[in-house]
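Morning, everyone. Let's look at one helix and the strands around it. Here is the model.

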Amino acid sequence: WRALAICVVLAAKLSEEQALKQACPSCGGHQLCNCSAIGLDFVPSGLTGKIIRLDLSHNKIQHIRSQDLRHAVNLRALLLQDNEIGSIDEDSFSSLGKLELLDLSNNSLAYLSPSWFGHLLSLQHLHLQGNFYRDLGEGSLFSGLQNLSSLHLGNSWFSTLRQGNFEGLEHLEELWIVGGKLSEYEPGSLKSVKRINHLIIDISHAAVFSAIVRDILHSVPWLDVRGIKLEIGKESLVQNSTLPYVMWKLTFRDAWFTDQYISRIIVLLKEITSLRELEAIDCVLEGKGAWDFREISRTGESFVETVSIVNVMIQNFHLFFDLDGMESQINKLKRLSIVSSKVFMVPCKLAQHFSSIVYLDFYNNLLVNNRLSETLCEGAWPSLQTLNLSRNSLKSLQQTVHSMSHLITLVNLDISQNNFGEIPDVCEWPKNLKHLNLSSTQIPRVTTCIPPTLEVLDVSANNLREFRLQLPSLKELFLAQNQLKTLPGAAPIPSLVVMSVRRNKLNSFSKEDLVVRGAQVGAVHLSLMECHRSLVVSLICVLVFLVILALVAVGHKYHAVWYLRMTWAWLQAKRKPKRALPKDVCYDAFVSYSENDSDWVENTMVRELEQACPPFRLCLHKRDFVPGKWIVDNIIDCIEKSHKTLFVLSEHFVQSEWCKYELDFSHFRLFDENNDAAVLVLLEPIQSKAIPKRFCKLRKVMNTKTYLEWPLEEEKQLMFWENLKGALRT
């Protein structure tokens with residue numbers, strides 16, 4: 001009874017594993033189980049402790065049951081996003097103590113239960129956004145999640161945050177709250193979290209924004225606000241708050257501003273004395289720059305040092321004022337980026353007050369040469385070290401250089417992706433310029449216009465056919481994607497450390513082209529491989545291909561692969577005892593047959609033998625081979641654990657590549673040990689000479705051993721079964 005019970009348990013386990021593999025083919029014996037987007041409407045059964053990552057996303061699952069994940073005790077990541085989950089049993093996740101990532105986003109959960117998360121002591125990342133719940137309940141859902149690092153929650157209907165919702169959470173790397181309709185925020189709701197390195201709030205109500213800011217001044221270094229429509233408000237953002245604050249960066253994404261609120265927000269943000277960086281990304285400004293400069297100036301200087309404006313749409317930019325009166329707010333600004341925002345100029349009067357700017361980025365705007373002189377007028381940007389004018393509408397390199405010649409502190413200049421077309425012979429650059437990017441500017445040549453003080457020069461993606469400049473300080477030179485046929489000479493660039501010349505038309509090298517550790521190329525004797533690398537490599541590849549082709553042809557003709565397989569099987573078998581111990585023999589026969597004969601074998605022979613009295617125990621490769629084990633070991637082990645080997649011979653058997661492969665390794669064990677364990681069943685007439693010649697001993701046995709032929713007449717089949725059973729019992 002004990003043995004029977006063990007067999008029942010093993011059979012049930014095997015059945016579950018087969019059910020899992022049938023439901024999700026990638027789960028068979030693997031640690032990473034990918035069942036994403038295969039139309040599942042349930043959690044597959046048979047999940048075991050082997051699995052550490054389970055992806056069930058993008059399916060149609062509606063319910064998580066208590067038993068679904070009970071045995072997946074080693075799961076580290078569980079991905080359930082983008083299903084139709086509307087209900088989860090209270091203890092569905094109780095066995096997942098090692099889980100680190102749980103994603104339930106974009107489902108149909110109308111509420112969240114604290115019991116779901118109570119046992120997830122290792123959880124680091126929890127994604128709950130995009131469901132139907134409107135609040136987080138009265139208490140805290142996350143009080144036991146001491147290792148939680150990132151938390152994403154909320155949805156389009158999310159409306160309420162209460163005190164105590166985040167009790168128990170002390171430190172988060174990222175908290176993302178999606179609250180398009182978040183209108184009820186109890187003050188202090190976020191104060192319980194001592195540190196949130198990055199807080200993302202997707203809200204539309206300005207009043208909620210102000211209340212949240214007051215709560216997080218001492219706990220959030222980076223606040224990222226998305227989708228807000230800022231309106232005029234007069235309440236202080238630091239009301240009843242004490243110094244020091246920790247917020248140093250504030251980002252607005254997809255926000256909507258008016259002239260009136262721009263004025264107000266500038267004043268309010270100056271109260272956050274720790275704020276050093278402002279970002280506006282994908283925002284809209286409705287207005288013409290008619291800001292309240294008197295109020296802005298009255299409240300003192302700004303502490304912000306970095307401003308980034310990316311893809312901001314100003315609907316009436318052509319009517320925009322010159323921002324006269326903002327001078328006091330920009331004196332301490334050190335880094336300014338205005339990217340992809342259709343800027344065509346900065347008024348000279350305003351530019352002259354950017355006295356501390358060291359980094360200026362105007363990438364992908366509408367700057368043109370006749371306005372550039374206004375933007376870079378005399379006295380403007382006196383501390384500028386890095387300037388990016390890449391991808392604008394500049395047409396004249398000479399005028400561009402002239403506009404910035406007075407920038408005496410400029411070190412790095414990027415004017416790439418402007419269509420200059422021509423380059424003058426002489427230019428007057430800033431005297432301290434070290435890095436220059438002229439890539440993708442359509443210049444056909446390089447001239448002495450290039451400043452000799454450069455340490456880094458990029459002229460990639462142009463139409464250059466040669467490079468012969470004297471640049472004694474140059475350390476890095478980028479010449480990719482040009483038309484060069486020879487390398488630059490070494491003597492004019494003696495300090496060069498890095499040079500990129502990929503995607504050119506180089507076909508030869510002169511002795512003066514390179515320097516090798518201080519020696520001239522003339523003193524270096526190059527091999528045939530170094531001089532004609534492409535030709536030599538091509539010849540070697542052709543020869544290797546021909547040799548491989550010849551080896552394949554010879555191996556195929558003389559069955560080399562078969563002999564290699566047999567040698568390996570012989571070496572493996574040599575290490576094993578000649579016969580398995582009686583206690584290890586667990587099958588009456590190992591059955592070798594063609595897949596084309598599987599219908600007769602599995603539905604006729606197996607049924608007859610396994611339902612006999614007493615029943616025979618048969619070993620079938622489909623059913624009894626160990627998944628993931630090498631086929632050689634599977635075949636040899638199964639033969640050794642079987643009293644007999646039963647061959648079901650037919651024309652299909654002889655022609656089947658699978659049967660040949662199986663015979664390769666069963667052939668040695670059965671016949672090279674001179675045992676009498678083979679039982680031959682002829683399913684149809686077959687001549688011994690149809691057997692491949694390399695199976696010489698099998699051919700010999702077919703000539704000397706009695707067959708059991710399957711009769712077509714029903715009255716003779718009873719005798720056939722009796723004879724077969726008798727042969728298997730001997």
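Start with the packing. The buried residues of helix H18 pack against strand S30 (587-592), helix H12 (598-610), strand S32 (642-649), strand S33 (678-682) and strand S34 (708-709). Contact here means heavy atoms within 4.5 Å. Helices (H or I, at least four residues) and strands (E, at least two) are DSSP runs, numbered from the N terminus.

Two notes on the source. This is a predicted model: local features need pLDDT of at least 70, side-chain atom pairs count only at pLDDT 80 or more, and totals for chains, interfaces and linings use all residues. Residues are numbered from 1 along each chain as its sequence is written, and side-chain values use heavy atoms, with hydrogens and water left out.

Which residues of H18 are buried? Gln717, Phe720, Trp721, Leu724, Lys725 and Leu728. Buried means under 20% relative accessible area, exposed over 50%, partly exposed in between (1.4 Å probe, protein chains only). Down the axis of H18, its buried residues fall within an arc of 130°, so they line one face of the helix. That arc is taken from the directions from the helix axis to the C-beta atoms. On the other side of H18, Glu715, Leu718 and Met719 are exposed.

Now S30. It is mostly covered, with 6 of its 6 residues buried. S30 pairs with S32 in the parallel sense over 5 bridges. Pairing requires at least two DSSP bridges between the strands. Val591 has Leu646 in S32 as its bridge partner. S30 also pairs in the parallel sense with strand S31 (residues 618-619), over 2 bridges. There, Ala589 is partnered by Leu618.
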